[in-house]
Each structure stands twice: as structure tokens, then as C-alpha cells.
Amino acid sequence: MRRWWFLLPFLIGLALGWARRAEGQTPVQLADPRVSYTFGETLTIETEVQPAATIQRAQIHLLPKGDSVQIIAEATLTPEGILTYNLDLSTAPFAVFTAVDYWFTFTLEGGETIESRRFTFTYADNRFDWRSLETDEFAVFWYQGNDALGGTILNTAYEGLARFRLQVELPPMQKVSYYVYASAADLQAALPFSGPSAGLVAGHAAPAANRVLVSIPTGPSQTLEIKRQIPHELAHVLLYQKLGEDYSRLPSWLSEGLASSAELFPNPDYPLLLDKAFQRDMILPMSALCENFPVEAASFQLAYAQSASFTWYLITQYGDEGINALLKAYADGFGCERAPEVALGRPLTQLESEWRRITFNESPLRTALRGMLPWLLIAGVFILPLTGFYLSERLRKRPLFRKKRSLTQP
Ligand SMILES: [Zn+2]
């Protein structure tokens, strides 16, 4: 081994020489590009490339970090070598605050294709002047309100983290960034959502990017909103940090339920909303909250209220061990109904019955009847009409028989 050491400087020199030659031989020279955009409207990337005459075709590739789908498009090249690319941002090709890698490919006269080095820009929401405050665990960005706002949000994030750690076992934390909008309208304009529930979005987590967007208007309810939204969205990100891609296997009721349970000031409307729904027999089956929540406004709120109440019931009954076992069962791919049975020994519907009994003081008879409802429906649709038909046939035949007999009798 030792005899190779004297060759090391020679080998390094050789490698560097190759690198230099390769760079020197590059047939096109590209200047550092300039990126400019109006948020949600148009993005322009401009640079200069020489010698332009040898280039037959110039293309740009854009790849948002964490994404696997590239945008590949033609770039415009003038004879003077000015290379330009425009992108319509109104279709929301990138999520806000995403880092986007981009590079060019050039097809030369002889058909040879060469690829440029890579560049990156961050698609920030540049409608506002953001202020910031950072620690190892959190970065807070905000544009309205005084300097104290950033500090309050930071402290609340730490409080939320401590509370969530009591419920869920977490891996070492990756830094989480908060972007604090001053109104729901400002936030909603930054998100690609549409449809009836889009106007209800007050906060949004991009868990895979460790990013949280919240809307916290100034006013009397600001402190309460901070205590609600900051830990709620953090919980979504921390669940992703724990489960990775398997986070998407969690039923909505559990991820929203855990996030709601992490809030330092729970939504005061939920108990009333639940009570009303119970009185009107409008509580949604938990199995209906495994996938997406209903989009209609009233059911949307009720879905959150139920998820929070049901998850809180599980936390109080089964503790953090039960919750961690449940998270693992869902992450392992067990279904919405089955995972609770694997983790807690009871399927979802049974837990739901127990939750209803304890939360709404539902009588065991009503619980039993509700459990029998599908069978009662089957009975109503099939068995009862068949029984009715059978009986009517019997009744119809008997008098006829008797009549006939009576006719033949003297
Ligand atoms: Zn949520």
C-alpha cells in the first residue's frame, strides 16, 4: 500500500488537468442567468450564450426540488446570443417558496447535444417584504405587525413542539419554516387550491418541504389564532418527518385529529358543533373521514371537530403508546378499519361506538341500533318486501281456495 503514496500528487494533478481541459473544450459559454418574476403572473430567465451561431436549438429544464416532474420548454435565442425564457405562473407550476433547479440543453449544428451547469432560484412570494427570525429549529417570516410577532410565533412553535412530543415519539428534528400571512385572502392567493373549501383554508403545511404557511390577521383574536395554527401545522410537518412518504397512508381523521389535539388553544366552536350534529343525528361515520374531508362548508367544519374529538378520545384511552402503535399500523399499510384493530385491539367502528357512548352519553341501545343499521336497511329493502310478498301470496291463495271449495260445495 505504502508504495502508492508517492503517486498521489501526480494522480490529483492528472485529474485536475482533465477537468480543466474538459471545461476549456466546452463549445458554448453561458453567462450566469438573471431570474425575475411577478408572483402568480410571469417569470423570465435571461442569459447570454456564445457562440450563438453554432446553436440550432436551446431548451430549458426546470425541476422544483422534491418533485420528479420536469418542465422542458424551448428558450428563445437571438443571433447576438441573448437567451430568454418566459413562463406563465398563473397556472401555479411551482408551489410558493419552492427552490427550483434549472439548466439548459443546446443542440449544436452537428446534432450534438450539450447540457449546461445547474442553477437554482427560490420562488418566493415577492408581493411582500418579508422580515425573518431564525433559530436552529425554526425560521419565521412575516411582513405585517411589529417585531414582537416573530418572537411570539417562535415561542409558540417551541411550545407546540414540546406538547406534540408528549403525544408522538419524534425523530431528531429538521428545521421548519413558517411564512405568516396577514390575511386569509393573501394566503389563499399564494396557494393553488380552488373549489368550495378553498375559501376556508387559513393555514397550509407542505410537510415534505418542512414548510408552513399560516394566515394570522392582526386584531383581538391574533394570539388565539397563533396558539391554534402554529402548533397545528407544525404537527403535520412533524408527522411527515416521522413517517416520510408513509405519512400519506394516515387517514385524514388521524392526521387532522392529531394536529388539532396539538393546538394550544382548541377551537371553542367544536363542542357545540358536535353536540348539534349529534342531536340532529348528523354525526359523520368515521369511515367517511378516512380519505378527503367533505368539501361542503358545514360538513368540512364538522369533519375537523369529529377528528379532533375522536383522536383526543384515543389519546386519553390509549396514551402515547397507543397513538404511536396506531401510527405504525397505518404506516405499515393496514387499512383504515383494520389498523386500529392491529394497534389497539379494536377495529375503527368499535372504537367509534365507544367514543360516541362516552362523548355524547349515547345509550347502549342506540349504539346497538346504530350498529344494526346496515342490517336493518337490508331488511327494509329486501327481507320485509319479500316477507310481505310471501304473506300476501298466502293470504291471496287461501281465500281463493276457500272460495273454490265453497263454490263446489252444495
Ligand atoms: Zn390540518
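What follows is a set of questions and answers about this predicted model.

Reader: Before we dig in, what kind of model is this, and how are its residues numbered?
Author: It's a predicted model, where local features need pLDDT of at least 70, side-chain atom pairs count only at pLDDT 80 or more, and totals for chains, interfaces and linings use all residues. Side-chain values use heavy atoms, with hydrogens and water left out, and residues are numbered from 1 along each chain as its sequence is written.

Reader: What is the mean pLDDT of the protein?
Author: pLDDT is the predictor's confidence in each residue, from 0 to 100. Here 80% of the residues reach 70 or more, and the mean is 85.

Reader: Over which residues does pLDDT stay under 50 with zero contacts beyond four places in sequence?
Author: Contact means heavy atoms within 4.5 Å. Residues 373-379 stay under 50 in pLDDT, but the model has four contacts beyond four places in sequence for them. The stretch with zero such contacts, also under 50, is residues 1-24.

Reader: How many helices and strands are there in the protein?
Author: Helices (H or I, at least four residues) and strands (E, at least two) are DSSP runs, numbered from the N terminus. Going by those, the protein has 10 helices and 15 strands.

Reader: What share of the residues is buried?
Author: Buried means under 20% relative accessible area, exposed over 50%, and partly exposed in between (1.4 Å probe, protein chains only). Out of 410 residues in the protein, the buried share is 42%.

Reader: Are helices H6 and H7 roughly parallel or roughly perpendicular to each other?
Author: Axes are lines fitted to C-alpha atoms, for helices over the stretch in contact, with angles from 0 to 180 degrees between N-to-C directions. The axes of H6 (residues 270-279) and H7 (residues 297-331) come within 9 Å and cross at roughly 105 degrees. Angles under 35 degrees count as roughly parallel, over 145 as roughly antiparallel, 65 to 115 as roughly perpendicular and the rest as oblique. So H6 and H7 are roughly perpendicular.

Reader: Which residues of H6 make the contact with H7?
Author: On the H7 side you'll find Gln301, Leu302, Tyr304, Ala305, Gln306, Ala308 and Ser309. The residues of this contact divide into eight nonpolar, three polar and no charged (Ala, Val, Leu, Ile, Met, Phe, Trp, Tyr, Cys and Pro count as nonpolar, Asp, Glu, Lys and Arg as charged, and the others, Gly among them, as polar). The H6 side is Tyr270, Leu273, Leu274 and Ala277.

Reader: How far apart are the C-alpha atoms of Leu284 and Gln306?
Author: Leu284 sits in the loop between H6 and H7, and at 18% relative accessibility it counts as buried. Its contacts include Leu289, Pro294, Leu302 and Gln306. Leu284 and Gln306 are 22 residues apart along the chain, with their C-alpha atoms separated by 8.0 Å.

Reader: What is the relative accessible area of Ile153?
Author: Ile153 belongs to helix H2 (residues 147-167). Not counting residues up to four places away in sequence, Ile153 touches Val140, Val180, Ile216, Ile226 and Ile230. Ile153 is buried, and its relative accessible area is 0%.

Reader: Which peptide bond is cis, with omega near -5 degrees?
Author: Most residues other than glycine have a negative phi, and most peptide bonds are trans. Look in the loop between S3 and strand S4 (55-64), where Pro51 lies. The cis bond runs from Gln50 to Pro51.

Reader: What is the phi of Phe97?
Author: Phe97 is in the loop between strand S7 (82-88) and strand S8 (98-108). Phe97 is buried, with a relative accessible area of 8%. Its phi is positive in a residue other than glycine, near 70 degrees.
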